[in-house]
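Please look at the sequence and the coordinates before turning to the solutions.

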Amino acid sequence: RRLPLRLPKRGPLTQADTLLQTVLDNAGKMETTRGDRKSWISQDTWTLIDRRISVRRSLPFDQMEYRRLSRLIRKSLTSDRKTRVTEAGLLIETKLKAGEF
């Protein structure tokens, strides 16, 4: 079977399905840490990425929304890259003027 496991929509529940339902009812939503995220990517971009992930996982799959979010992410990443390059350039210029290089 594919993950994540889901309960059957029709028919009687087996003992395993009943146990799964009990676990799902008692388990809280896992909180993930985002420590490994790239620091140059803005929080707005990460929000778009998280929304695209939730659209991809949702049923029924909304391909139009997924494509729309992918385009927005691409534009946002381009903007983030430009910001990163600009900030790096300014840092290099100030260090050059100060004679640190």
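**Exercise 1: Salt bridges**

A search of the whole structure finds two salt bridges, a salt bridge being a side-chain nitrogen of Lys or Arg within 4 Å of a carboxyl oxygen of Asp or Glu. The model is predicted, so that local features need pLDDT of at least 70 and side-chain atom pairs count only at pLDDT 80 or more, while totals for chains, interfaces and linings use all residues. Residues are numbered from 1 along each chain as its sequence is written, and side-chain values use heavy atoms, with hydrogens and water left out.

Task: determine which residues are linked in a network of salt bridges.

Solution. 
1. The side chains of Glu 65 and Arg 51 form a salt bridge with an N to O distance of 3.9 Å; this pair links distant parts of the chain, since Glu 65 belongs to helix 3 and Arg 51 to helix 2, 14 residues apart.
2. Glu 65 also forms a salt bridge with Arg 68, the closest N and O atoms being 2.8 Å apart. Because these two residues are three apart in helix 3, about one helical turn separates Arg 68 and Glu 65.
3. The network therefore consists of Arg 51, Glu 65 and Arg 68.
4. Glu 65 is partly exposed at 22% relative accessible area, where partly exposed lies between buried (under 20%) and exposed (over 50%), with a 1.4 Å probe and protein chains only.

**Exercise 2: The aromatic pair**

Task: state how the planes of Phe 61 and Tyr 66 are arranged, stacked, edge-to-face or tilted.

Solution. 
1. Rings of Phe, Tyr and Trp (its six-membered ring) pair if their centres lie within 6.5 Å, and planes under 30 degrees apart count as stacked, over 60 as edge-to-face and the rest as tilted; by this rule the count comes to one aromatic pair.
2. For Phe 61 and Tyr 66 the centres are 5.5 Å apart with 50° between the planes, which makes the pair tilted.
3. Phe 61 is partly exposed, with a relative accessible area of 41%.

**Exercise 3: A buried serine**

Task: decide whether Ser 70 is buried or exposed, and find its side-chain partner.

Solution. 
1. Ser 70 lies in helix 3, which spans residues 63-98; helices are DSSP runs of H or I with at least four residues, numbered from the N terminus.
2. Ser 70 counts as buried because its relative accessibility is 15%.
3. Its side chain makes a polar contact (a pair of N or O atoms within 3.5 Å, one able to donate a hydrogen and the other to accept it, with residues adjacent in sequence counting only if both atoms are side-chain atoms) with the side chain of Arg 52, at 3.3 Å.
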